[in-house]
Amino acid sequence: MTESSSGRDVGSHHRRPVGRRTVLRGGALASAALALPTLPALAGAAPAQARSGRPEARWGVQAGDVTSSSGLVWVRSDRPALMVVETSATESFRAPRRWHGPLLGPDTDFTGTTALRGLPPGEQMHYRVLLADPDDPRRSGAPVTGTFRTAPARRGDGVRFVWSGDLAGQGWGINTELGGYRAFEEMRRLDPDFFLFSGDTVYADGPLEPSVTLPDGRVWRNVTTEAKSKVAETLDEYRGTFRYNLLDANLRRFNAQVPSIVQWDDHEVTNNWYPGEILDDERYTERSVDVLAARARQAYAEYFPVPTLAPDQNRGRDGRMHRVVRHGPLLDVFVLDMRTYRNANSPGQQTADPQGILGRAQLEWLKAELARSRAVWKVIAADMPLGLVVPDGETDIEAVANGDPGAPLGRELQIAELLRFVKHRRITGTVWLTADVHYTSAQHYRPDAAGFTDFEPFWEFVSGPLNAGSFPANELDPTFGPERVFLRAPDRANVSPAEGYQFYGEVEIDGDGGELTVRLREVGGDVLFQQTLQPGRVGQ
């Protein structure tokens, strides 16, 4: 049985309490050390030109891929610096544990990460990052603090997280007159265990104008920087695109309190890209997508704490986006990469398609990891939806679904293989979460309504955008039998964040009974829809 509802938030948070000082500290810790008084000027300034003095971490801190015993801490300096991280079980940092990180320099745009290992499970960890002068390590800047909870070792503690995607797209950037990126402040106040950032973390192909007149005559005013004045092509321009979002105080406060699990999609590079593509876009002087993707990937790895991409770690240096993040006995998160290994966008009518949207190696990896997972719930974090038709131009398909209601063709063949595998291996507790389409919805996939029937029913939940244009709903493809159980979307394209339709989702796993509840939320409003799933089942 599943339970669904729409309306106000009726959920509860069955987890250990967090002290009021901790939550308030998460909201205030960016106010001084992370303050950016002249945002555009700072965004355009190179660290090498920073004023003399001690190193500063004005872009905040982040933690990523936190498990029951490990995590990764990120920082950016305003000049060359030695990174040091101290952790403690208390905010007083009495008897802290010290971790020596990398030398931050121009080769990584003065960013760096430090891996924390051997952490206690199920604990609120406090950390502070110190940046020391490489020539005189006794000289360090003011510490920048953050906090996160390690994953529980016991099932009874429960898990709660949020997810969304699509940030600063379609010309809608940071508008301080409307409170900046408001979604991050709302999510921070929920105090989740982590944030799943489901792709389109930046819009490298989306320049920002200083102002945009809205349909009702109001004026949207963007914070602008040199890097966001054109499409990103060079490595420095991609780096500037990632720095842009960190100008928002809401995001910096959020990062200091809530660890992330991050994946990419297309706009980190350019719209609807695939390997080997040659662009036909007059905005670009560099037309090779492979060249652009390599530069974007480097900037992405520099600006997000992702262990498999971290250049300064001794382990996990295979350079891939896809990975499993294990969050205690209740949850494994399977982070997919539906960009790097895909074939060219096409009408999707192939009767054989071994490469598909994941590539053969990633598909086999996913099947093996699902089969070996012992977690109660297995969240498949996809950066694109399965049964929604996402076009690329007049004839080609950008995602999986091709709009043909019959048997699987093209990229659908690979998804059919995966769904068949889940059914026949009796893999329980799979749930799909995604973003990309700029509205929120819930789809229930059923074989009795599908062109392909060799799978068990499952749910797919869509959220986003965080701060971008919202769009009308996409057409459903009947191949896997999706039923649209819930939808909230505008009736016209590129509705601005000032007009609403900005979304994020919340997932809560009860530690006692193991039930998983998904809540679809609108920024500035109530819970729109709620669905509760029961544990231990192959189909839902």
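The largest cavity in this predicted model holds about 150 Å³ of space, where a cavity is a set of points on a 1 Å grid over the protein atoms alone at which a 1.4 Å probe fits but cannot get out, and the volume is the space filled by probe spheres set on the points, which are joined across faces, edges and corners. Lining residues, meaning those with an atom within 4 Å of a point, number 17 here, and the closest to the centre are Gln 62, Phe 197, Leu 251, Asn 255 and Phe 304. By class, 12 of the lining residues are nonpolar (Ala, Val, Leu, Ile, Met, Phe, Trp, Tyr, Cys and Pro), five are polar (the others, Gly among them), and none is charged (Asp, Glu, Lys and Arg).

Residues are numbered from 1 along each chain as its sequence is written. Local features need pLDDT of at least 70 and side-chain atom pairs 80 or more, totals for chains, interfaces and linings use all residues, and side-chain values use heavy atoms, without hydrogens and water.

As for the elements, which are DSSP runs (helices H or I, at least four residues; strands E, at least two) numbered from the N terminus, α5 (249-257) supplies the largest share of the lining, three residues, while β11 (194-198), α4 (235-245) and β14 (260-263) are among those that each give at least two.

Turning to packing, α4 meets helix α6 (residues 289-303) at an angle of about 40°, with the axes 9 Å apart; axes are lines fitted to C-alpha atoms over the stretch in contact, and angles run from 0 to 180 degrees between N-to-C directions.

How values were computed:
On a 1 Å grid over the protein atoms alone, a cavity is a set of points where a 1.4 Å probe fits but cannot get out, and a pocket is an open set with protein on both sides within 12 Å along at least five of seven lines; lining residues have an atom within 4 Å of a point.
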